[in-house]
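Here is a short report on one protein model. Look over the sequence and the fold, then read on.

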Amino acid sequence: MTDPFDLVLRSTRAALPDGVRAAAVGVRAGRIAAVGDYRAAFSARVDLDLADTALLPGLVDTHIHVNEPGRTRWEGFASATRAAAAGGVTTVIDMPLNSIPPTVDVSALAVKRKAAYGKCFVDVGFWGGAIPGNTASLRPLHKKGVFGFKCFLADSGVEEFPALTVAEMREALREIARFDGLLIVHAENAERLAAAPSSTRYRDFLDSRPAAAEDSAIAAVIDAAREYRARVHILHLAAAEALPRLAAARAEGVRITAETCPHYLTFSADEIGDGATQFKCCPPIRGAADREALWAALAEGLIDIVVSDHSPSTPDLKQLDSGDFAAAWGGISSLQLGLSAVWTGARARGYGLAEVTTWMATRPAELAGLPAKGRIAEGCDADLVAFDPDAAFTVDPANLHHKNPITPYAGRELRGVVRATYLRGEPVTAVPRGRFLTPSEAR
């Protein structure tokens, strides 16, 4: 006789690889052991019928800044991963900045893992960094299990993580291509940026970072990827102007992927008022036409994934009192809200849970090389989310788990509420059970 499942979850709206349908999901020893009909006669120690509450795979967010150690007042592993779980995210990959030290060599990676140990409510992986002078550290970091390497082509905002010139980016990519690694790029051309004037007008900040800065930087990345036959990924795409160039590169076989973020899909420049520095990010939120073009590119598959770029800071650094866009930290806190924000916009445009799951779970897992994540399928980790797509709520920063609950979503009504999050078949509770991930372990 087959042993009973540890858990069975039933839903009339389960987001499966072949679409959204009624199903029952059986979990054993932390993995999905069976996917059957909604009323399948599964025997289980715990059998929960979610009815019309949707069952989604846990989201995979490959772009968050935890900031611990060194800037733990901004965010930390405990607060960030608790926020992730509350937002239906069960896997995060932490950026190599703004922690101190940045993850640019093996010793810094060890420091970060030590800082995170025992604090994570979801599974966590780490990116390495490519900065001037650390090319020799890239292969050792790869061997220690980072998921790839981030670089900036414009000022990162922190002095310990300098930007690369185009020539330095090419040098790093040439080395990364030798072991078929992945370079992820903050693609803004420093030469096309202007110094933002001290101003409370969002338009002044926006004008200092034109769309041409993204487009020209992406052109340089494409040229290098073409020459070295390397894998590259464009971070937080905001400018519709760059989409034709990206499409042409894909068509000729350049190994390039791209992401956008919930804030670029939700907001537009014309709704950002004077002094509203909680909206500042880099690249900046652009106009409504850019926003709609990003949605269309997602639907076409030209943009692959949606991830948060959760980049928090303390209230003083966001210049909430002065409203000075030039002085404010450029980052948006949204890790807990990304699923609801994207679902709100997707639903309004006629997209369904299947598309949102693809953009926020399946494809990010594929980008990172995590075949056991991002899908409700036999053999995958039982990372699951009970999500009510019909419920609405108004964002109250006091209800967020982010260490500094500052967000441009404050007061905004969103659709979709996470009712429960399961990590390897167990509900996420007050006890952190997250594990460290590496691509080699995942394969």
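## The largest cavity

This is a predicted model. Start inside it, with the largest cavity. Strand β6 supplies the largest share of its lining, with three residues. β6 spans residues 59–64, and α10, residues 338–348, also gives two or more residues to the lining of the largest cavity.

The space in this largest cavity comes to about 90 Å³. Its lining holds 14 residues, and those nearest the centre are Leu59, Asp61, Val89, Ser308 and Met360. What classes of residue make up the lining of the largest cavity? Nine are nonpolar, four are polar and one is charged.

## Other cavities

How many cavities of 30 Å³ or more are there? The count comes to three. A general idea lies behind such counts: rolling a probe the size of a water molecule over the atoms shows where empty space is left.

The second largest cavity has a volume of about 50 Å³. Its lining includes Gln278, Lys318 and Ile406. Three serines also line this second cavity: Ser311, Ser313 and Ser333. By class, the lining of the second largest cavity has six polar residues, four nonpolar and one charged.

## Helix α10

Is α10 mostly buried or exposed? Eight of its eleven residues are buried, so the rest of the structure largely encloses the helix. Here, buried means under 20% relative accessible area.

The buried residues of α10 are Gly338, Leu339, Ser340, Ala341, Val342, Trp343, Gly345 and Ala346. Just after the helix comes Gly350, with a positive phi of about 90°.

## The largest pocket

Now turn to the largest pocket. About 500 Å³ of space lies in it. It is lined by 29 residues, and the closest to its centre are Asp155, Ser156, Gly157, Arg209 and Cys282. Two elements each give two or more residues to this lining: β10, residues 149–152, and α5, residues 202–208.

The lining of the largest pocket divides into 13 nonpolar, eleven polar and five charged residues.

β10 and β11 run parallel and are joined by four bridges. Phe152 has His186 in β11 as its bridge partner. Next, β11 (residues 182–186) runs parallel to β12 (residues 231–234), again with four bridges. Ile184 stands opposite His233 in β12. Then β12 pairs with β13 (residues 256–260) over three bridges, in the parallel sense. Ile234 stands opposite Ala258 in β13.

## The crossover through α7

How does the chain get from β12 to β13? The path runs through helix α7, residues 243–251, and this β-α-β crossover is right-handed.

Within α7, Leu243, Leu246 and Ala249 are buried. Viewed down the axis of α7, the buried residues fall within an arc of 125°, so they line one face of the helix. The face of α7 turned away from the buried side carries Pro244 and Ala251, which are exposed.

Go back to the start of the chain. Strand β1 covers residues 7–16, and eight of these ten residues are buried, so the rest of the structure largely encloses the strand.

β1 pairs with β2 (residues 19–28) in the antiparallel sense, over eight bridges. The two strands form a hairpin, with two residues between them. β1 also runs parallel to β4 (residues 47–49), joined by three bridges. Leu9 has a partner in each neighbour: its bridge partner in β2 is Val25, and Leu48 stands opposite Leu9 in β4.

How values were computed
Residues numbered from 1 in each chain as written. Predicted model: local features only at pLDDT ≥ 70, side-chain atom pairs only at ≥ 80, totals over all residues. Heavy atoms only, no water. 1 Å grid on protein atoms, 1.4 Å probe; cavity = no way out; pocket = protein on both sides within 12 Å on 5 of 7 lines; lining within 4 Å. Points joined across faces, edges and corners; volume = space filled by probe spheres on them. Nonpolar A, V, L, I, M, F, W, Y, C, P; charged D, E, K, R; others polar. Pairing = 2+ DSSP bridges. Right-handed = clockwise from strand over helix to strand, strands pointing away. Buried < 20%, exposed > 50% of the residue type's maximum accessible area, 1.4 Å probe, protein only. Arc of directions from axis to C-beta.
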